[in-house]
Structure formats: C-alpha cells, structure tokens
Amino acid sequence: MTTKTTEAAETALPAEAARTAGATETAHAVEHTRTRAHGDDLTHDHAYVHGYSPAEARRLGDQADTLAELLHAGTAYPAGSRVLEAGCGVGAQTVHLLASSPGAELTAADISADSLGEARARVAAQAPDARVIWHHGDLHELPFADGSFDHLFVCFVLEHLADPSAALTALRRVLRPGGTITVIEGDHGSTLFHPDSAAARATVDHLVRLQADAGGDALLGRRLHPLLADAGFRDVAVRPLTVSVDGSRPALVEGFTRRTFVAMVESVRADALAAGLTTAAAFDHGIADLRRTAEEGGTFHYTFFKAVAVNP
C-alpha cells in the first residue's frame, strides 16, 4: 500500500453474494475497480518486494493459516465495533479476523485492486455469511471521517512502506479517541537456524537489501514501539512472538519453514541476480541450506512483533 491512487470502490454485501450469479452489483464493483486501477497496480511490484503472483498469494495464505493461533491470540473485537484492516492484501488475515470477531463491522482496505478481488473470493469461500466493506485506496488518503473506527488492524504492511510513520499518523486520524491499533510485523534479523550456514544467511540478507532498495524495511519489527509512540499513540505494548520449528512440529516445518519463509526468500532470486547482489550458484546454495533446516535434525526460529496501542 505504498503507491497513491484516488480510485475507491466500496461494497457492504454479504460475502456469499459474490459467489452467486445474481450478485451483479458486487461483481460489477470488483471488475470496475480492477479495470480502473490496472495501471496503478503495475507500479506496486517494485514496492512490494515479493510481487503479486499466484504463488505469493498462496504463500500468504499458508503463512496466515499456519500462524493464526500465534498471531491472532488475544485479538478479538466486540460485536458492533467498527474495525479497519489496513492493507488487507489477498485476505489471508481477513478470514482470521472474521473468525475471531464474527460480530464486528469490518472494513478491509488495500491499494491493489487485484488483491482485493482475491480477498473477496477468499472470504466468500471461507466465511460466506460475513459482511465486509471493501475499500480500494491508499491508507495515506483514506476517505473516512475522523474517528470513524474503534479498532485498527495492520499486519505485514508497514515493512513495505517508505514512510511508516506517515502511514501510522494517517491511520490515527480515523481511529476514535480511546480506540486501539494492533500492528504485527516480522524482523528478518531475528532468523536463526541449524545447521548454521553463511550461504543461507547471505541469501536472507539479499532479501533484506532488496526490500530496503524498494523503500521498505524487512527489519521493522524491532522499531514498532518508537514508530507508534512517535505517531502519537499511547500505552504502546510490544510482545515478541517466536516461531520455533523442529522435527517435533511437522506442521510448522511444512507450513512455516518450507512454504512461508524459504518460499519467500526464493521468490526474489531473479531480482537478486538482476541487481548483481549474488550469482545463481551462490543464491541456490543458500536456498539449499535453508531447506536443509527443514530436514531431520534441523531447526528454524523466527520472531514476529505484535504491538497494541491506544489513540489518546
């Protein structure tokens, strides 16, 4: 959600409507947004280092489903509360928000029209009775009145923004006094694994460098407290959420180590080579060593950071 656009499309119909032939209004809204925003979407790939491919959409879904218990524990909003998910992407986290807060009035916003289309489809398939307002636009220029929401949820968004402080300030405007914001980010510098490998660490560093070159920060998790405090939020509390993976947790070996983290790093191979950061042989060596951590005797550890703060 870094590129600006003035186009917006909002629909507040049950998700089931998007799956029926009679839901022409909903279907038209999706197509209208995709058509008008296609040119804008072309500029996103540089900012979002992982790209917008079907493989990336699957990776995001795998990540959200595998980590749902860890990331969403303690996050549930009261029935009737107005919640904004800023940067909903393909809806990977949206379905878990709906599951934990079925009575909340959820608005899901993203700058990518195609991602919103995928989010609608995901919600329609997994939560067909849910009511979601879909908004296409830039979080820096949200059209909502001051204090429109009781709670904000922002997951894996700030790391891709050139100015996360400005984004948080813009978001605070639409949060009512006393309302809460929940922010979740990773930090690639927290990555630890066995067997250790200089080649694997170098390959992860290439992703960190590429994200920085695109204007983002793959190490942002460690900065959540000062970012939120500087944006004017109060009572900022940050908790580390560590994923520890070994042979005793086969679901995490497959869902997180292989299908989330290694897949994420592997996805930037072409960009790393094009940028002259490495050679094909060196990059592939690093990926092979990362995959080795998911084999017998290997371990993998990564820390996310979850912050909750209040708008004074």
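1. Strand E4, spanning residues 149–155, is mostly covered, with seven of its seven residues buried. The model under review is a predicted one, and the points below should be read as a description of that prediction.

2. E4 has a partner in strand E1, which comprises residues 82–86; the two strands pair in the parallel sense over three bridges. Within this pairing, Glu-85 stands opposite Phe-153 of E4.

3. E4 also pairs with strand E5, residues 175–186, again in the parallel sense, here over six bridges. Val-154 has Val-183 in E5 as its bridge partner. The mostly covered strand E4 is thus described by its parallel pairings with E1 and with E5.

4. Turning to the helices, H9 covers residues 250–266 and H11 covers residues 280–292; their axes come within 10 Å and cross at roughly 180°. Angles over 145 degrees count as roughly antiparallel, and H9 and H11 are therefore roughly antiparallel to each other.

5. The contact between these two helices involves Val-262, Val-265 and Glu-266 on the H9 side, which meet Phe-283, Ile-287, Leu-290 and Arg-291 of H11. By class, the residues of this contact of H9 with H11 are five nonpolar, no polar and two charged.

6. H9 is also approached by helix H7, residues 198–213: the axes of H7 and H9 come within 9 Å and cross at roughly 70°. Because an angle of 65 to 115 degrees counts as roughly perpendicular, H7 is roughly perpendicular to H9. The crossing of H7 past H9 is left-handed.

7. Where H7 and H9 touch, Thr-203, Val-204 and Leu-207 of H7 meet Phe-261, Met-264 and Val-265 of H9. The residues of the contact of H7 with H9 divide into five nonpolar, one polar and no charged. Val-265 of H9 is listed in the contact with H7 and also in the contact with H11.

8. For the protein as a whole, the model contains eleven helices and eight strands. Of its 312 residues, 55% are buried. As for contacts between residues at least 6 apart in sequence, 81% of them join residues at least 24 apart.

9. Helix H9 is roughly antiparallel to H11, while H7 is roughly perpendicular to H9.

Notes: Residues numbered from 1 in each chain as written. Predicted model: local features only at pLDDT ≥ 70, side-chain atom pairs only at ≥ 80, totals over all residues. Heavy atoms only, no water. Axes fitted to C-alpha atoms, helices over the stretch in contact; angles between N-to-C directions. Helix = DSSP H or I, 4+ residues; strand = E, 2+ residues; numbered from the N terminus. Parallel < 35°, antiparallel > 145°, perpendicular 65-115°, else oblique. Contact = heavy atoms within 4.5 Å. Nonpolar A, V, L, I, M, F, W, Y, C, P; charged D, E, K, R; others polar. Left-handed = near helix turned anticlockwise from the far one by under 90°. Buried < 20%, exposed > 50% of the residue type's maximum accessible area, 1.4 Å probe, protein only. Pairing = 2+ DSSP bridges.
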